[in-house]
Amino acid sequence: GEGRDGLPHKTSVGEVDLKLKRFGYDFFRQPGSFQPDPAALVGPDYVVGPGDTFKIDIWGSIEGSHLVTLDRNGEIALPKVGVINLWGQTFAQAQETIRRQVGKYFSNFEINVTMGGLRSIQVYLVGEVQTPGSYTLSSLSTVLTALSAAGGPTIGGSLRAVQLLRQGKPVADIDFYDFF
């Protein structure tokens, strides 16, 4: 253990150091970032949302390269195809929807749809965290990422009872001891 001066407690043989550290809290005090890699690839189950960008390359009977951003209505617009609604779809579903919509107007083409820039999400950390407040995080962020951004729980907080809420309703109860 450490004393107030940051130096280890000196104990003689048979003595017990009563200054115990709480398990897991040092994880949030380590230097470095727990932010997701912005260059990471999204999986097929990533749910697309407003602000996500797609790179669409088409060749064959129609050719073009388009960089489009999902607007706040959950739609993209492709020249010669029109508006395509992707709201609430996974990346795999969005790829198929785009392919199907282009196929309504053209045949004999190949298409490649990849993710460009990812949107940011707004999260609120409240309760027993070091720095409660509003945080803008990558859409690939996890509860651990958000908790890290806030400096982790206070000493009065818990790593065993972290609650995730969406629109004020509990979605998950998380025990970070399973992670550690």
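Predicted model: local features only at pLDDT ≥ 70, side-chain atom pairs only at ≥ 80, totals over all residues.

Colleague: In which loop does Lys80 lie?
Modeller: Strand β3 covers 75-78 and strand β4 covers 82-85. Lys80 sits in the loop between β3 and β4.

Colleague: Is Lys80 buried or exposed?
Modeller: Exposed means over 50% relative accessible area. Lys80 passes that cut-off because its relative accessible area is 67%. Lys80 is exposed.

Colleague: What is phi of Lys80?
Modeller: Lys80 is a residue other than glycine, yet its phi is positive. The value is near 70°.

Colleague: What pattern does the protein chain follow along the sequence?
Modeller: The secondary structure comes to two helices and nine strands. Read in order, the pattern is β-β-β-β-α-β-β-β-α-β-β.

Colleague: What share of the residues in the protein chain is buried?
Modeller: The cut-off for buried is under 20% relative accessible area. The protein chain has 180 residues. Its accessible surface comes to about 11700 Å², with 53% belonging to carbon and sulfur atoms. The buried share of the residues is 31%.

Colleague: What volume does the largest pocket have?
Modeller: Its lining has 26 residues. These divide into 15 nonpolar, nine polar and two charged. The volume is about 780 Å³.

Colleague: Which residues lie nearest the centre of the largest pocket?
Modeller: Start with the elements that give two or more residues to the lining: β6 (120-125), α2 (143-149) and β8. Then go to the centre of the pocket. Nearest to it lie Tyr124, Leu125, Gln163, Leu164 and Leu165.

Colleague: Why does Val162 count as buried?
Modeller: Val162 is found in strand β8, residues 162-166. Buried means under 20% relative accessible area. Val162 counts as buried because its relative accessible area is 14%.

Colleague: What is the C-alpha to C-alpha distance between Val162 and Val143?
Modeller: Beyond its neighbours within four places in sequence, Val162 is in contact with Val143, Ala172, Asp173, Ile174 and Phe176. Val143 and Val162 are 19 residues apart in sequence. From C-alpha to C-alpha, the distance is 8.9 Å.

Colleague: With which side chain does the side chain of Thr145 make a polar contact?
Modeller: Thr145 is found in helix α2. It is buried, with a relative accessible area of 5%. The polar contact is at 3.1 Å, and the partner is the side chain of Thr142.

Colleague: How far is the backbone oxygen of Ser138 from a polar atom of the Ser141 side chain?
Modeller: Ser141 is found in the loop between β7 (133-138) and α2. Ser141 is buried, with a relative accessible area of 17%. The backbone oxygen of Ser138 lies from that side-chain atom at 2.8 Å.

Methods. Residues numbered from 1 in each chain as written. Heavy atoms only, no water. Helix = DSSP H or I, 4+ residues; strand = E, 2+ residues; numbered from the N terminus. Buried < 20%, exposed > 50% of the residue type's maximum accessible area, 1.4 Å probe, protein only. Areas by Shrake-Rupley, 256 points an atom, 1.4 Å probe, with all protein chains shown as cover. Contact = heavy atoms within 4.5 Å. 1 Å grid on protein atoms, 1.4 Å probe; cavity = no way out; pocket = protein on both sides within 12 Å on 5 of 7 lines; lining within 4 Å. Points joined across faces, edges and corners; volume = space filled by probe spheres on them. Nonpolar A, V, L, I, M, F, W, Y, C, P; charged D, E, K, R; others polar. Polar contact = N/O pair within 3.5 Å; in protein donor to acceptor, adjacent residues only side chain to side chain.
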